[in-house]
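Welcome! Let's get to know this structure together through a few questions and answers.

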Amino acid sequence: MIFDANTALYIIEIVIGGLFVGVGVHFVPVGGAPAAMAQATGVGTGTVQLAAGSGLTGLLSAGMMMSVTDNILLVVASGAVGAMIMIDATMVVGNWSYIYGVGVPPASAKVDYDPITKNPQPPYVSQGTVGHGIPTVCYVSGTIGGLLGGAGGSLIYYALMNINHNPGLSGMFAIGIFVVNAVLASYNIQGTIEGFHDPKFKRVPRAFQACLVASLVIGIIAVLITGGA
Amino acid sequence: MSVAAGGGEAKLDKKKLMIYGIGGGIVGIYLAGILNMAMDTNYFSFLAGLGVIAVIVMGSEAVRMVCAYGIGTGVPSIGMMATGMGLVAAMFGLSIGGIAGPIIGLVVAVAFGYFIGAMANKIIKMNIPVMEESLTMLAAAGAITLIGLSVLVAGRIDYELIMGSVIDTGYIAVLFIAGSLAILHPFNANLGPDETQDRTLVHTISTGALAMIAGGIASIAIIGSAGILTILIAAVVWLWAFRWYFQLVKRDSAGVVGTGLLPKGEM
């Protein structure tokens, strides 16, 4: 394979996609094990599970769109919408379990007033917990995270499809690059974050640098692989 | 397989595990590929699966090393990252290397792993001393696992054949998840203050055998009855490893007693 302007463009697309994924993870309200016991705000599972769930749905919808058109904007938008629907469905059903199953009101312990609804938070936070459920600000933040994650994943998929024209290989590679960036970003937030209002969100620049370098190295290797026959 | 015999606190050196894991994996893959080609059959594919079990044991040891520091994101994240890095390296190696593919994939994976470990420490500032080393081991384990399982399904070390029989059919998704789980599950299940190395690693042999069974089922559609041989051998390995694991669980636990069901009146 010869390096030309197109190859460089594809590498840049993969890097931008990786950065979207890395930054997107910071928007998703990940609560981890404490949230599973309704003792922390966010969805009660790990970053990788959430990112993989929404990212894979995004890839599916992007692949679906890619089978009818190669307009990059349509493919990326389709992936972003798919991921947003998936993460929103997860958060809505999670909130049902917290509100009607566990019996706790959604509340954030990181801010005194919800930045979007202006509702006071501390009176609703149960003693001994750091919030519970998915309040409005986390929900909006999570949707933005789904947008970025889905757009990033489908951008990587789009770039790879143009190189090797093999949906299986491109899809699996997109998942591989997606997982590496999502895990690096989740190390940056040490596993849990509430959304863009969380103080940990200020660490984004570090994940930005790490994902930039990681996606660049993996992207250079990935564009060299041909799709066989 | 180099896991110390049960009983006592036999601590296995990680260097030894690396030599046996990577060596066993590469030897298994090449024996499977070359014997299959030389005899023009597919019945030696199971050797790649045995190599995969050896390298998964090494990956599990790397998970043990790094997760002992508490990475905050749960054990599954690092197992998924291992196969994520390994997948790109494995396919790169197979696509450019021909018969040398597994070696090239291993080298690229080692470079990826070291590099990403260094970034986790230097840029994200995780400050885990073994980060570089364990991510190097994990990426190598992920790459050899995926190459090995692909050779197990396809029967040859041949990129075109693997593309057609593993990637295009979608079996790669099954191998990806089965390989990740085999690497990450044992420590996730055994962690805690009473975790012992031999119990975790023996558990890894059984999860590796399950990944081999998954590969064997996928390979029935590709190489026919040779896949059934793979499943049978993997089932024997699983049974042996799981019985051994159960002995170690009994050794490490305060007591294993059958309590029976609750009496009818108290339900």
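Q: Among contacts in chain A between residues at least 6 apart in sequence, what percentage join residues at least 24 apart?
A: This is a predicted model, and two residues count as in contact if their C-beta atoms lie within 7 Å. Taking the contacts in chain A between residues at least 6 apart in sequence, the share that joins residues at least 24 apart is 73%.

Q: What pattern of helices and strands does chain A follow along the sequence?
A: Chain A has seven helices and two strands to arrange. Read along the sequence, they give the pattern α-α-α-α-β-β-α-α-α.

Q: What is the radius of gyration of chain A?
A: The C-alpha atoms of chain A fill a box of roughly 60 × 35 × 25 Å along the principal axes, and 57% of its 229 residues count as buried. For 229 residues the globule rule gives 17 Å, and the value for chain A is close to that, so chain A is as compact as a globular protein of that length. Its radius of gyration is 18 Å.

Q: Now to chain B: how many residues of helix α3(B) are buried?
A: Helix α3 of chain B runs over residues 75-97 and has 23 residues. From its first C-alpha to its last it reaches 33 Å, close to the 33 Å expected at 1.5 Å a residue. The helix is mostly covered, and the number of its residues that are buried is 21.

Q: Which residue just after α3(B) takes a positive phi?
A: Helix α3 of chain B covers residues 75-97. Just after it comes a residue with a phi of about 60°, and that residue is B:Gly98.

Q: Is B:Gly216 buried or exposed?
A: B:Gly216 is found in helix α8 of chain B, which spans residues 197-223. Leaving out residues up to four places away in sequence, it touches B:Gly227, B:Thr230, B:Ile231 and B:Ala234. A residue needs 20 or more other C-beta atoms within 10 Å to count as buried. B:Gly216 has 27, so it is buried.

Q: Over which residues of chain B does pLDDT stay under 50?
A: Chain B averages a pLDDT of 87, and 96% of the residues score at least 70. One stretch stays under 50, and for it the model has 20 contacts beyond four places in sequence. That stretch is residues 1-10.

Definitions and conventions: Residues are numbered from 1 along each chain as its sequence is written. Chains are lettered from A and ligands numbered from 1 in the order in which they are written. This is a predicted model: local features need pLDDT of at least 70, side-chain atom pairs count only at pLDDT 80 or more; totals for chains, interfaces and linings use all residues. Helices (H or I, at least four residues) and strands (E, at least two) are DSSP runs, numbered from the N terminus. The expected span of a helix is 1.5 Å times one less than its number of residues. A residue is buried if 20 or more other C-beta atoms lie within 10 Å of its own, exposed if 12 or fewer, and partly exposed in between; C-beta atoms are placed from the backbone. pLDDT is the predictor's confidence in each residue, from 0 to 100. The radius of gyration is taken over C-alpha atoms; the globule rule is 2.2 Å times the number of residues to the power 0.38.
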